[in-house]
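Colleague: Hi! Could you walk me through this model before I start on my own figures?
Modeller: Happy to, here it is.

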Amino acid sequence: VKLFGANKVKSVEFTGKNDNDPVRTYNYSVKFNDAPDDQIATVGMTQKGGHVLWMLYNRPVEEKKIEMDKAKKIGVKYLEDHGFKGMVDTYYIAEDNTATVNYAYQQDNVTIYPDLIKLKIALDNGDIIGIESKGYLYSHRERDIPEPQITEEEARAKINPRMEVLSSGLAIIPTDYKTELFVYEFKGKVNKNDFLVYINAKTGKEEDVLMIVNTPNGILTM
């Protein structure tokens, strides 16, 4: 009920539990006062702690009234109101009059990409119609962030000199081996293409390069 507002909820039905996934859930079906009974939300709450692991509200969004910048701010406020402090938007995609926005935790001006929450926002009225918080619930903790062993200038010297750097900062990124790396993140351009380059803040090694794709629907990384 807290997810949607008590005045909107018509009924909540327990639909079973999932003991198979690493994070076990109690699952619920929610009906709303001002919606047909087939437009339901399904919710997975963690058995331990009672956190929302996922939510999907199946309702049509017929028109777009809200611009992307406002939608991102609506998402941040929603997260703050539900106890997720210090979240910043990173990437998004908009389609079918909805926006899916990735939010990452930020600690001491370091962007913590493993601590990720995805929100699906209806662009007709700003309703949150989807949540996926697995990354955050699996990974979130206050980290002991070290001092970089190399300066930003030394890290910048490691990247392609043809890249025009537009912004930079410190970040923690996940690896395929379920570890984390402390890096400098550089956003920039080579020719007309946008890239993200990650340089290890301890060793100076180039850890990853991602191409940013500006599609008609949003900003994605590849």
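Colleague: Let's begin with S3 and S4. In which sense do they pair, and over how many bridges?
Modeller: Strand S3 (residues 41-46) and strand S4 (residues 52-57) run antiparallel to each other, paired over 5 bridges. Helices (H or I, at least four residues) and strands (E, at least two) are DSSP runs, numbered from the N terminus, and two strands pair if DSSP finds at least two bridges between them.

Colleague: Before we go on, what should I know about the source?
Modeller: This is a predicted model, where local features need pLDDT of at least 70, side-chain atom pairs count only at pLDDT 80 or more, and totals for chains, interfaces and linings use all residues. Residues are numbered from 1 along each chain as its sequence is written, and side-chain values use heavy atoms, with hydrogens and water left out.

Colleague: Thanks. Which residue in S4 does Val43 stand opposite?
Modeller: Val43 faces Met55 in S4. In the hairpin of S3 and S4, 5 residues sit between the strands, and Gly49 takes a positive phi near 95°.

Colleague: What else does S4 pair with?
Modeller: S4 also pairs with strand S8 (residues 128-132), in the antiparallel sense and over 3 bridges. There, Trp54 stands opposite Glu132 in S8.

Colleague: Back to Met55. What does it touch?
Modeller: Leaving aside neighbours within four places in sequence, Met55 is in contact (heavy atoms within 4.5 Å) with Leu3, Phe4, Thr42, Val43, Ile128, Ile129, Gly130 and Ile131.

Colleague: And which residues have the most contacts inside the largest nonpolar core?
Modeller: Phe4, Met55 and Leu119 do, in a core of 50 residues. Strand S7 (residues 110-122) gives the most to this core, with 6 residues. Apart from it lies another core of 9 residues, including Tyr113, Val183, Leu196 and Ile212.

Colleague: How do you define a core?
Modeller: A nonpolar core is a set of buried Ala, Val, Leu, Ile, Met, Phe, Trp, Tyr and Cys residues joined through side-chain atoms within 4.5 Å. Buried means under 20% relative accessible area, exposed over 50%, and partly exposed in between (1.4 Å probe, protein chains only). In soluble globular proteins, nonpolar side chains tend to be buried together.

Colleague: How much of the protein is buried?
Modeller: Buried residues make up 41% of the 222 residues. The protein has 3 helices and 13 strands, and its C-alpha trace spans about 60 × 40 × 25 Å along the principal axes.

Colleague: New topic: is Ser29 buried or exposed?
Modeller: Ser29 is buried, because its relative accessible area is 11%. Ser29 lies in strand S2 (residues 25-32). Not counting residues up to four places away in sequence, Ser29 touches Ser11, Val12, Glu13, Thr15, Ile40 and Ala41.

Colleague: Now phi. Which value does Asn109 have?
Modeller: Phi of Asn109 is near 65°, a positive value in a residue other than glycine. Most residues other than glycine have a negative phi. Asn109 is in the loop between strand S6 (98-107) and S7, and Asn109 is exposed, with a relative accessible area of 68%.

Colleague: What about Lys178?
Modeller: Lys178 has a positive phi near 60°. Lys178 lies in the loop between strand S9 (164-174) and strand S10 (180-190), and is exposed at 81% relative accessible area.
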